[in-house]
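Here is a walk through one protein interface. Keep the structure open while you read.

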Amino acid sequence: MSFANRSMEAAVAGKPQPGWKDVLEEAAIEVFELMASVQLAPLPEPTQPASGAITSMVGMAGALCGMMNIRCSHTAAQRLAGCMLAGSHVSSAGTIRDALGELCNMIAGNFKAKIPSLADHCMLSVPTVITGDDYSLEPVDPFQVIHIAFDFSGDTIHVALVMHS
Amino acid sequence: MKKIRVLIVDDSSVMRKIVERSLRQAGIELGEVMEAGNGAEALIAAKNSPPDLILSDINMPVMDGLEFLKCLAEIESMKGVPVVMITTEGSEARVIEAISVGARGYIRKPFTPEQVKERLVPLVGGLS
């Protein structure tokens, strides 16, 4: 296949497909289970924007341009970090940011790996984490979002893929 | 089997701990465990105290895993030390590039202890 054809195929693959929500859900569940020993149950389709005091983000560029992000409460992030470190109590803000950033990085990587024509045509940035009590993520138009919420023993973990057309 | 001196290279300290735990779960007997947050730190650590096995991420700030591999190949005392990439990078092209500059294999994150065992025990067995 010529480079032009491969690029075209990749570009088509980069357009959001109906099955991508299921792929993202599977990718996220695998990462939480394998890396944090946490089994998450998806909640019904969220109707409200994601909320929470900590957000990790990984940029995606190439056939798919956008951003993967995880948003949750500080408590949930602290618990997740503890699970990744085999049940240790984690109090360091840096370790909590590191853990949430790495989870986001792995979800983005696992998602694109499940879509073969994205795997070689989409690069990931290093993670960025933002914290605060009052902020919202506002992607630049035009964009589409796949948003999945998971129940984490009473806390909600939001996983979202923002895609630019 | 002798205890293995391992160098774990990843910009995430949490991931370095997970990798170490996975090695132990895979039944690999670890001696000294050295850590580095990027390729440049790893080069210094490897020169100061040569490891038996190196596990390295690819995407890292300062010096990434591919550049680290290229620099490592220039160090005489590091020749023959197996390097395995542990990465979220699913790109076949980058994995091929890593192999072409000296990596002995790769493990994609997220991974299971079984995958770690399958990929590393043959290498570690050869070191004992």
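Across the interface of chain A and chain B, the rule finds 1 salt bridge. Its partners are the side chains of Lys109(B) and Glu102(A), with N and O 3.0 Å apart. The model is predicted. Polar contacts cross the interface of chain A and chain B too: 5 residue pairs, both members at pLDDT 80 or more.

Which elements of chain A build its side of the interface? Helix 4 of chain A gives the largest share, 10 residues. Sorted by class, the side of chain A that touches chain B has 12 nonpolar, 4 polar and 4 charged residues.

Now the totals. In chain A, 20 residues are in contact with 19 residues of chain B. Together the two chains bury about 1,800 Å² between them. Carbon and sulfur atoms carry 61% of that area.

Turn next to one helix pair. Helix 4 of chain A packs against helix 1 (residues 13-25) of chain B. The angle is about 75°, and the axes lie 8 Å apart. Angles of 65 to 115 degrees count as roughly perpendicular, so helix 4 of chain A is roughly perpendicular to helix 1 of chain B.

Which residues meet there? From helix 4 of chain A come Thr95(A), Asp98(A), Ala99(A), Glu102(A) and Met106(A). Helix 1 of chain B brings Ser13(B), Val14(B) and Met15(B). By class, this helix contact has 4 nonpolar, 2 polar and 2 charged residues.

Terms used
Residues are numbered from 1 along each chain as its sequence is written. Chains are lettered from A and ligands numbered from 1 in the order in which they are written. This is a predicted model: local features need pLDDT of at least 70, side-chain atom pairs count only at pLDDT 80 or more; totals for chains, interfaces and linings use all residues. Side-chain values use heavy atoms; hydrogens and water are left out. Contact means heavy atoms within 4.5 Å. Buried area is the accessible area (1.4 Å probe) that two parts lose on being put together, summed over both. A salt bridge is a side-chain nitrogen of Lys or Arg within 4 Å of a carboxyl oxygen of Asp or Glu. A polar contact is a pair of N or O atoms within 3.5 Å; within protein, one must be able to donate a hydrogen and the other to accept it, and residues adjacent in sequence count only if both atoms are side-chain atoms. Helices (H or I, at least four residues) and strands (E, at least two) are DSSP runs, numbered from the N terminus. Ala, Val, Leu, Ile, Met, Phe, Trp, Tyr, Cys and Pro count as nonpolar, Asp, Glu, Lys and Arg as charged, and the others, Gly among them, as polar. Axes are lines fitted to C-alpha atoms, for helices over the stretch in contact, and angles run from 0 to 180 degrees between N-to-C directions. Angles under 35 degrees count as roughly parallel, over 145 as roughly antiparallel, 65 to 115 as roughly perpendicular and the rest as oblique.
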